[in-house]
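Subject: Structure for you to look at

Hello,

Here is the structure I said I would pass on. My notes on it follow below.

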Amino acid sequence: MVSSIVILILCLVGFAAIHSLLASLPFKRFVRRSLGSKADKLYMPVYNLIAVITILPLVYLLYKNPGPFLYIIPSPWRWLMVSGQVIAAIIGPRALKDAPHRFRLHSQLSAPATPEAGHLDIHGVYRWIRDPFLFSGLVIMWLTPFMTVNLLIIYILTTIYLVMGSLHWESRLVAQFGDEYREYQKNVRRIIPRLKGYHERRREL
């Protein structure tokens, strides 16, 4: 029991270390110096592929060693939770489509408040929530219609990692977009969506 939890935690730490390294600005600068402009198109697909590959061992180990069950949600509530997970899973790809300028390597590595860094350009899901990836990740995890001991431990640690990563990501967005993003932070919550979108709230103020 204890050994399986330790192995799961080590897998999660390994994934987090690799994920954090690939997302760091020094590593991105190294990639762009090595590949030039090709890095702008290749980085995100390769980054996502590596993320999937490195998370698979953890998923497999959880499947093989879930630990004792804590609860199983019965129908029809189970299907409501699964529906929420499906909706949250759609938000991630939608968020990438709504703000591709946030993820371009060239823009991230440009000096703040320059034409290369670009403008914030709030639309789509970002009108209601600042970090849709954090929101969707938390919803997908915590709406799982069953819970085991090992799964609970991994979910708690993953939640901490996602929240810390979100704080770091926002600090990068402030550096990239400056006062535009600070104004946005005042009007839109980071995790809990608002009923009124960003532009509607600004018109009211």
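I begin with Phe 69, a residue of strand S1. Please keep in mind throughout that the model is predicted.

Setting aside neighbours up to four places away in sequence, the contacts of Phe 69 are Phe 146, Met 147 and Thr 148. For Phe 69 and Met 147, the C-alpha atoms are 5.9 Å apart, although 78 residues separate the two in sequence.

Phe 27 is partly exposed, since its relative accessible area is 24%. Phe 30 is partly exposed as well, because its relative accessibility is 45%.

The other pair is Phe 69 with Phe 146: the ring centres are 6.2 Å apart and the planes stand at 55°, so this pair is tilted too. It links distant parts of the chain, as Phe 69 is in strand S1 (residues 69–72) and Phe 146 is in strand S2 (residues 146–148), 77 residues apart. With a relative accessibility of 35%, Phe 146 is partly exposed.

Now the chain as a whole. Its secondary structure consists of nine helices and two strands, and the order from the N terminus is α-α-α-β-α-α-α-β-α-α-α. The C-alpha trace spans about 55 × 45 × 20 Å along its principal axes. Of the contacts in the chain with a separation of 6 or more, 75% are between residues 24 or more positions apart.

The chain has 205 residues, and 37% of them are buried. Its accessible surface is about 12000 Å², with 71% belonging to carbon and sulfur atoms. As for charge, there are 24 positive and 11 negative charges, and their mean positions lie 7 Å apart.

What does the interior look like? The largest nonpolar core has 15 residues, and Leu 120, Ile 122, Tyr 126, Tyr 181 and Tyr 184 have the most contacts inside it. Helix H7 (149–177) and helix H8 (179–187) each supply at least two residues of this core. H7 gives the most, with four residues. Another core, of 13 residues, lies apart from the largest one and includes Ala 51, Leu 134, Met 141 and Ile 154.

Tyr 126 is worth a separate entry. Not counting residues up to four places away in sequence, Tyr 126 touches Ala 95, Asp 98, Ala 99, Arg 102, Phe 103, Pro 132, Phe 133, Tyr 184 and Val 188. Among these, Tyr 184 is also one of the residues with the most contacts inside the largest core.

Last, a residue on the outside. Is Leu 49 buried or exposed? Leu 49 lies in helix H3 (residues 38–64), and its relative accessible area is 52%, over the 50% cut-off, so Leu 49 counts as exposed. The C-alpha atoms of Leu 49 and Ile 140 are separated by 20 Å, and the two residues are 91 residues apart along the chain.

Regards

Technical notes:
Residues are numbered from 1 along each chain as its sequence is written. This is a predicted model: local features need pLDDT of at least 70, side-chain atom pairs count only at pLDDT 80 or more; totals for chains, interfaces and linings use all residues. Side-chain values use heavy atoms; hydrogens and water are left out. Buried means under 20% relative accessible area, exposed over 50%, partly exposed in between (1.4 Å probe, protein chains only). Contact means heavy atoms within 4.5 Å. Accessible areas come from the Shrake-Rupley method with a 1.4 Å probe; for residues, only the protein chains shown count as cover. Lys and Arg count as positive and Asp and Glu as negative; His and the chain ends are not counted. The place of a charge is taken as NZ of Lys, CZ of Arg, CG of Asp or CD of Glu. A nonpolar core is a set of buried Ala, Val, Leu, Ile, Met, Phe, Trp, Tyr and Cys residues joined through side-chain atoms within 4.5 Å. Rings of Phe, Tyr and Trp (its six-membered ring) pair if their centres lie within 6.5 Å; planes under 30 degrees apart count as stacked, over 60 as edge-to-face and the rest as tilted.
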